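Below are some comments on the model you sent. They take confidence first, then the domains and the contact between them, then the salt bridges.

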Amino acid sequence: MASPALSRRGLLSAGLWTALAGVTATACGGGSDAGPSGPDGPLTLWSALRGTDTLVAAWNELHPEEPVDFSPMTSGLAGGNAKLSNAARAGNAPDIVTLVDADLPSFAIDGVCADVTGLVTPRLRERLGPQAWTNGVLDGRTYGIPVDLGPMLFAYREDILTRHRIEPPTTWEEFGEAARRLKRDAGVDLATFHPNAYNVLAGHTMQSGGQWFAIEDDAWVLDFLGEPSRRVAEFWQGLVDEKVLMFAPGSSQQWLSSLARGAVASHLVGPWGLAALVRSVPGTSGRWRVAPLPRWEGGEDAVGTDGVSVHAITADSNKKKRAMRFLEWMTTAPEAITARLSGGRSSILPADAGLVANASREFDTAFYGGQDVYRLVEQQAALLRTGWTWGPRMQATATSLHQGLARLEYGTTIAEALRTAQSETLPDLRSLGLSVRQA
């Protein structure tokens, strides 16, 4: 979830959009497909989003006159962001690139992403809806076309919980009790704390009503340790200290092996992760179910997001109109979502509500015991908390936070990791010329 509407004056006074002055002047008007090399040749697309290869193949078959050349890339923190930055500096960035929503402000500030406000058709604006557009709009201008919505979910091993007479927890208090009971009675960890998943910690903070970044009185305000953030930190710290959770990096062999042999009984993740789970632990097929994320007792019925994607047209692209035609098809055409999910590698919840039924039909639910997963996911998406603002240099912030969380096993606390990340983010933002202060 990106920033809410902010005044142009406020952002300029905070120094945020200074670097964009030249970009917005040229990119948000007609979006001409003229340029040094002309509009001929295929569109180039870099993406780490699963199923993009089959989607592009479907487009090329239907639109041979406007081909797209797809190149896979690693995710942002795994090297994709650095690759894009280097390509942009060298003048050979692709026409379109997939970004995690948290990375969009940084690339917009750096002038990598074009302001495409004038290229978004009324049809596209309406089909994706205001909730999705918050992920691609900054200060009222559009820099990214949203692809999906990502409400956090509780995927769990039904067989393990049933065997130990544990109901899927509906509150975090119940979650803690279930974790203690399962560890005590079976030696099984209910869930895993991933020290390399800032996005998950951010999602919990969103749900709790926290806000790491905000803009007030023409300045960025950092508040990593406000009451909602402390509540989240203290809750997870307690479970880590009690050793009733597995502590392992996400995607690590250690964690995947534990999931496969039933040593970990659940996974907290967004819709995109449901297909990834199918491919990661195929031997557990039929034993998993999906439930709503637990809620804070007495709190609002809301959930946070676990990472969503946007597609940005780069400022240097000389095929902006063609790129937008492709992106509108990608995000609103039934054959597009069908092609993306056809290989079983993707389980995204489309930002276009009209495509959810198509996605549901394509997704094989055998792994989840035939459960109507998409119906649940769509219901949870309606409860996403809005108003979250990502910082202008999230890669640096995330790296700092990951380094602190990795030291939990050696006595550092989650609160200390948050405090350090805030203190290290402060000078980083000031070095960009931004007005910034701590709450």
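1. Confidence. This is a predicted model. Its mean pLDDT is 91 over the chain, with 91% of the residues at 70 or more. Residues 1-15 have pLDDT below 50, although this stretch makes 50 contacts in the model beyond near neighbours in sequence. Residues 34-38 are likewise below 50, and there the model has seven such contacts. Please treat the contacts of residues 1-15 and of residues 34-38 with that pLDDT in mind.

2. Domain 1 contributes 18 residues to the contact and domain 2 contributes 16.

3. Buried area. About 1300 Å² is buried between domain 1 and domain 2, and carbon and sulfur atoms account for 55% of it. On the domain 1 side, the residues that lose the most area to domain 2 are Leu77, Ala102 and Ser347; together they make up 37% of what that side buries.

4. Seven residue pairs are in polar contact between domain 1 and domain 2, counting pairs with both residues at pLDDT 80 or more. On the domain 1 side, helices α4 (76-90) and α5 (104-109) each provide at least two of the residues that touch domain 2. That side is made up of six nonpolar, seven polar and five charged residues. How many salt bridges cross the interface of domain 1 and domain 2? The rule finds one. Asp110 and Arg393 pair through their side chains in a salt bridge, with an N to O distance of 2.8 Å.

5. Salt bridges in the whole structure. The total is 17. One further pair to look at is Arg141 with Asp115, whose closest N and O atoms are 3.0 Å apart.

How values were computed. Residues are numbered from 1 along each chain as its sequence is written. Side-chain values use heavy atoms; hydrogens and water are left out. Contact means heavy atoms within 4.5 Å. Buried area is the accessible area (1.4 Å probe) that two parts lose on being put together, summed over both. A salt bridge is a side-chain nitrogen of Lys or Arg within 4 Å of a carboxyl oxygen of Asp or Glu. A polar contact is a pair of N or O atoms within 3.5 Å; within protein, one must be able to donate a hydrogen and the other to accept it, and residues adjacent in sequence count only if both atoms are side-chain atoms. Helices (H or I, at least four residues) and strands (E, at least two) are DSSP runs, numbered from the N terminus. Ala, Val, Leu, Ile, Met, Phe, Trp, Tyr, Cys and Pro count as nonpolar, Asp, Glu, Lys and Arg as charged, and the others, Gly among them, as polar. pLDDT is the predictor's confidence in each residue, from 0 to 100.
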